[in-house]
Amino acid sequence: MDTNEAADAATVVLLNAADSSVVQSGLVDAAGKYGFANIAQNTYLILATSIGCSKVYSKPYKVLEGQNIIADNILLKRINNQLQEVKIIAKKPYIEVKPGKIVLNVQSSLTAEGNSAYDILRQSPGVHVNSSNEALIISGRQAALVTIDGKPTNLTGDDLVNLLRSMQSSTIDQIEMISSTSAKYDASGGGIINIISKKGTNIGTNGSINLGGGYGKYYKSRAGISFNNRSAKLNIFGNYTFDDNKTNRYINTNRNIIYNDVLSNYNVDYNNIQKNYNHNFRLGADYAISSKQTIGVLVSGVVREDDFLKDNDLKISNQKRLDSVIIAKSKLDRGSSFLNYNINYNGTLDKTGKKLSADVNYSTYRRHSNEYITNNFYTPAGVKYRDSLQLENLSPSDIHIWTGKIDYVNPLSKTSRLEAGVKYNHVQSNNNMVFGPLVNNSYQPDPDYTNRFIYTEIVSAAYLNYIGKIGKLDITAGLRGEKTNTRGNSSGIDKSSAVNNMNSYFNLFPQLQFSYTVDKKNVLGLSYNRGIERPNYQDINPFLYYTDLYDYNSGNPNLKPEYTNSIQLSHTYNDKFITTLYYNVTNDIYDFPVYEQDDSSKVNIAIKRNFGRVFVYGATFYAPVQFNNWWSGNFSLDAMYQRYKSYAIYGNFNRGMQDVIFNTTQNFTLSSTVTAELSGMYESPTLYGINELKQQYRVNAGLGKQILNKRGNLKLSVIDIFNSDRYRYKVQYQNIDLTGLDKRETRRVMINFSYRFGKTSVKSASKHTTGSDDEQRRTNGNN
């Protein structure tokens with residue numbers, strides 16, 4: 001440089017002298033040295049750039065085959081000697097919407113601060129929550145495929161929800177919700193939710209510290225640190241978060257039963273207090289083998305411990321007169337660990353732009369769950385009328401997941417390319433259930449409930465994808481084939497009830513996307529997608545799960561996958577306003593419970609069945625509005641009509657109902673360092689399977705202040721201000737007459753402090769694509 005200093009981290013680019021096309025690029029080291037290797041015979045120029053300096057070109061260099069050349073020194077001159085660094089001051093909007101995709105920039109939201117990934121998604125536009133099993137839905141009604149940095153978690157049901165609840169906002173950069181997918185992805189009729197972890201892009205060492213806490217009915221607290229160290233070739237990154245929370249949940253169910261002209265009522269009040277300790281960590285490295293090849297390794301995990309105190313009061317009435325009361329109290333100790341090991345490669349193979357990427361992934365999920373229940377029996381006068389019944393309920397689980405995949409990209413022209421890939425996924429789930437009463441001071445396993453179930457699922461997939469452009473028309477057309485083999489074996493005390501279930505099936509999943517640019521402000525889009533939703537592991541376990549003496553949940557080893565065909569037609573105006581019409585039809589739906597009640601014994605069992613079909617017609621509209629220089633907002637509306645039709649074996653259920661969901665987020669810039677946010681959601685009464693749901697709404701608010709020379713942020717948020725976020729439903733189907741209320745501790749006040757340390761200026765960060773970055777790119781959909 002003109003200061004006689006080495007231009008550390010300056011960018012050097014090797015150009016073909018004939019047309020100035022880029023051949024290679026790199027960074028200058030601390031001694032001012034750089035180099036280019038494997039250069040073909042040709043004539044080249046060298047371009048040197050650095051922030052705050054003018055561009056400088058070298059003289060031409062003619063390189064012969066195998067020749068080594070030492071280039072002359074290049075002198076960079078500052079444009080302004082006072083310019084030392086460029087600080088990033090622009091702020092991304094919290095919500096960005098593109099055709100087929102919604103992106104949440106998590107770090108830009110005040111009300112997202114301090115929340116888990118699951119809580120953020122529940123409050124996001126375009127996301128529906130399946131209240132029976134808390135599955136997340138972004139397209140029609142099927143559960144979305146959840147990926148982290150482009151990689152599927154392969155967890156389902158409660159295990160997946162607990163993982164998302166363990167991921168804090170401080171570790172998340174973006175969340176992508178993709179409704180229009182391509183054949184590259186695992187076939188999913190419900191779209192894809194991709195959680196992108198934070199990873200620094202600046203040269204040097206930087207990171208952040210996060211501290212937070214709050215209160216709802218009980219305390220919440222957390223602490224975390226994230227760091228990134230990037231050099232020209234190596235990037236090391238990681239984070240760690242610890243949470244200590246206490247929450248509660250209340251459930252009420254009211255069931256009417258008529259048997260022999262006698263009306264019985266079973267009313268349950270369930271209260272649960274849960275203490276949770278959660279460790280979430282991530283450590284990885286990306287290494288640039290060359291300017292065109294990168295290898296990455298990643299170890300991540302969640303270690304979680306939960307302690308539950310449960311109180312279940314069952315009031316039994318006959319002919320509207322209280323008959324008896326059963327009070328069940330229990331303690332549940334549950335711990336789980338999810339560990340993930342990944343190695344990935346990404347490389348450009350030649351000058352034409354051919355690319356190859358590969359991933360190998362191994363994950364383990366282990367859970368222990370030990371519950372001890374005491375049932376006490378009382379008359380209406382409060383007199384105990386029989387001995388207590390003590391029960392042991394143990395349900396450990398052990399899941400191993402192996403995944404390998406290879407993706408290849410072959411450019412056909414400047415505007416078209418061919419993509420292909422293969423994937424192998426192997427899951428083995430080992431589940432135990434030990435349930436029985438205390439007899440003579442020893443728990444005895446009950447053969448009707450005690451069981452072991454080993455489930456193996458192998459999915460082998462391959463895809464071919466074409467992406468091209470013809471004039472104003474962009475085309476993506478692909479076909480994915482998936483071969484699935486499953487095997488389930490149960491072995492309980494009662495050998496006559498053992499299950500040995502094997503399935504093998506092959507499916508083709510076509511996908512088409514068209515995008516037509518009418519003019520500078522109008523773009524039309526059309527897409528078709530076929531997807532599959534395989535049953536959760538818990539849903540196919542042939543266990544009878546105890547809720548209370550008259551309520552159980554049962555798995556169904558004969559459950560088959562759901563298949564969805566979906567069509568979307570979209571219009572984008574001025575890259576901001578997006579309107580989408582969609583139609584989905586799903587066969588063999590199963591993701592809501594079907595109740596099977598024995599009127600004589602009063603026992604009710606909730607079980608999943610391939611119930612029938614559902615037809616969904618809908619329209620979505622998204623509009624960002626800039627009211628003035630200090631107030632902006634976005635508005636999202638999803639209006640649909642759903643119709644459920646059962647197969648004949650389940651009666652003649654044929655019902656339809658609307659579902660209207662409105663979301664808005666308002667942002668206010670009160671000063672150069674103070675911002676505010678107000679968000680809300682409303683969902684109309686609707687239908688979900690045989691469940692008729694009441695309306696839902698919630699309102700959140702936040703206030704933020706930059707401190708400590710804008711390196712620190714202090715944020716205050718109030719979630720669910722009116723404590724209105726609850727799930728209310730009723731079921732009137734065949735002999736079932738049931739109403740229910742499910743209320744979690746949603747209203748809470750949170751305060752969070754974060755501080756950024758290290759370099760905050762951009763100094764020519766390395767532009768190589770990491771293995772993880774490639775996965776993120778492949779989950780980006782159409783831009």
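**Strand pairing, a buried serine and a pocket**

In strand β42, L716 sits across from L703. Strands here are DSSP runs of E with at least two residues, just as helices are runs of H or I with at least four, and both are numbered from the N terminus; two strands count as paired if DSSP finds at least two bridges between them. The model is a predicted one, so to speak of local features pLDDT of at least 70 is needed, side-chain atom pairs count only at pLDDT 80 or more, and totals for chains, interfaces and linings use all residues. Residues are numbered from 1 along each chain as its sequence is written, and side-chain values use heavy atoms, with hydrogens and water left out.

Back to the hairpin: four residues lie between β41 and β42, and L708 in the turn has a positive phi of about 55°. On to the next partner of β42, which is β45 (residues 748-758), again antiparallel, this time with eight bridges. Within that pairing, N713 has S754 of β45 as its bridge partner.

S754 itself, a β45 residue, is worth a look. Its relative accessibility is 14%, so S754 counts as buried (buried means under 20% relative accessible area, exposed over 50%, and partly exposed in between, with a 1.4 Å probe and protein chains only). Beyond its neighbours within four places in sequence, S754 is in contact with I209, N210, R711, G712 and N713, where contact means heavy atoms within 4.5 Å. N210 is 544 residues away from S754 in sequence, yet their C-alpha atoms are 4.4 Å apart in space.

Another hairpin is made by β31 and β32, with three residues between the strands, and there N574 takes a positive phi near 60°. β31 (residues 562-573) and β32 (residues 577-589) are antiparallel and share 11 bridges, one of which pairs Y573 with F577.

An open sheet is built from four strands in the order β29-β30-β34-β33, with mixed pairing. β29 (544-548) and β33 (593-597) are at the edges with a single partner strand each, so one side of each has no neighbour in the sheet. On average, neighbouring strands of this sheet are turned by 25° against each other, direction ignored (axes are lines fitted to C-alpha atoms, for helices over the stretch in contact, and angles run from 0 to 180 degrees between N-to-C directions). β33 and β34 (residues 604-608) run antiparallel, joined by five bridges, and V594 has I607 in β34 as its bridge partner.

Finally, the second largest pocket holds about 800 Å³ of space. Its lining counts 34 residues, with Y34, G35, I46, I70 and A71 nearest the centre. A pocket is an open set of points on a 1 Å grid over the protein atoms alone, where a 1.4 Å probe fits, with protein on both sides within 12 Å along at least five of seven lines; lining residues have an atom within 4 Å of a point. The volume is the space filled by probe spheres set on the points, which are joined across faces, edges and corners. β1 (11-16), β3 (42-49) and β5 (61-63) each supply at least two lining residues, and β3 gives the most, with three.
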